[in-house]
Amino acid sequence: MALIVPMLLLFAPHVAAAAPAGLRAFTVTPAPGGGHTYSVSLQILAVMTALTLLPAGLMMMTSFTRIIVVLAILRQALGTGQTPPNQILLGLALFLTFFVMAPVFDRINTEALQPYMNQHLPLDQALQKAGRPLKKFMLAQTRESDIALFAHISGRDSIASPDKTPMSLLAPAFATSELKTAFEIGFLIYIPFVIIDLVVASVLMAMGMVMLSPQTISFPFKLMLFVLVNGWGLVVGTLVASFHT
């Protein structure tokens, strides 16, 4: 539920601006504190629209992208085919995402969602408060070069600092940076398994067993190495620790 609120940051102002002034159900009235109060029907419309974008937001605006890409590379490096299956990898990535994002979601719930549900904050102020912890997390994981790239593409070369980056520009920069980081981690994971394949292939060639596939012999050795070094614990621990900056 807490993730729905920051998702409204990307389109809630446009929904409010497009609401017909002649319909009583779509009204925006000034609030005493300088904000705005939206009608219940407009709020429901915005939330329902946010739900359609929730999967994309969960994948591209949280730690999910890095985790699932690294797990997929790990499975390929082990050479286990479809084991673990996609459902297991997605479930593990989803639970790890909630674990990593728990402090962010807690802040969104405490500072924005609960005050809004208790009618202590108008919708626009709740959206601003909800966007701060999510934006702080995304900025901490995004390379400045990626922000500069998308700023240049969008023609916004005058951004004063990364903190002033709009969410519409930060989201693609964050996704691109996460993919780069995931591939870097995947490269480091892949190297030990490639070495095992090379050693096994060299031994087989030296023995004249060129017709035997090296992957057939190296597969149990890779599994044994992965189990002996507590591979799942190392990979999961490294992934989680990589988000704490």
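Here is a walk through this structure, from its overall build to a few details.

Keep in mind that this is a predicted model, where local features need pLDDT of at least 70, side-chain atom pairs count only at pLDDT 80 or more, and totals for chains, interfaces and linings use all residues. Residues are numbered from 1 along each chain as its sequence is written, and side-chain values use heavy atoms, with hydrogens and water left out.

Let's start with the big picture. The protein has 10 helices and two strands, and from the N terminus the order is α-α-β-β-α-α-α-α-α-α-α-α. These elements are DSSP runs numbered from the N terminus (helices are H or I with at least four residues, strands are E with at least two). Of the 245 residues, 41% count as buried. Here buried means under 20% relative accessible area, exposed means over 50%, and partly exposed is in between, using a 1.4 Å probe and protein chains only.

Now for the charged pairs. Side chains of opposite charge can pair when their charged atoms come close. A search of the whole structure turns up four salt bridges, each being a side-chain nitrogen of Lys or Arg within 4 Å of a carboxyl oxygen of Asp or Glu. One of them joins Arg66 to Glu178, with the closest N and O atoms 2.6 Å apart. That pair links distant parts of the chain, since Arg66 sits in helix α4 and Glu178 in helix α8, 112 residues apart. Arg66 is buried at 2% relative accessibility, and Glu178 is buried too, at 0%.

Helix α8 turns up again in the next pair. Lys180 and Asp146 meet in a salt bridge (2.8 Å, N to O). Lys180 is in helix α8 and Asp146 in helix α7, so the pair ties together parts 34 residues apart in sequence. Lys180 is partly exposed at 37%, whereas Asp146 is buried at 1%. Then there is Arg143 with Glu184, at 3.2 Å from N to O. Arg143 lies in the loop between α6 and α7 (144–154), and Glu184 is in helix α8, 41 residues away.

What about the surface? Phe187, Leu188, Ile191, Ile195, Val199, Val203, Met207, Met209 and Leu212 form a nonpolar patch there, with about 830 Å² of accessible area together. Such a patch is made of residues with over 30% relative accessible area and no salt bridge, with nonpolar side chains (Val, Leu, Ile, Met, Phe, Trp, Tyr) joined within 5 Å and like charges within 9 Å. The areas come from the Shrake-Rupley method with a 1.4 Å probe, and for residues only the protein chains shown count as cover. Leu188, in helix α8 (residues 167–206), is exposed at 59%.

Finally, look at two backbone details. Most residues other than glycine have a negative phi, and most peptide bonds are trans. The bond from Thr83 to Pro84 is cis, with omega near -5°, and Pro84 is in the loop between α4 (64–78) and α5. Asn230 has a positive phi, near 55°, and is found in the loop between α9 (214–228) and α10 (231–241).
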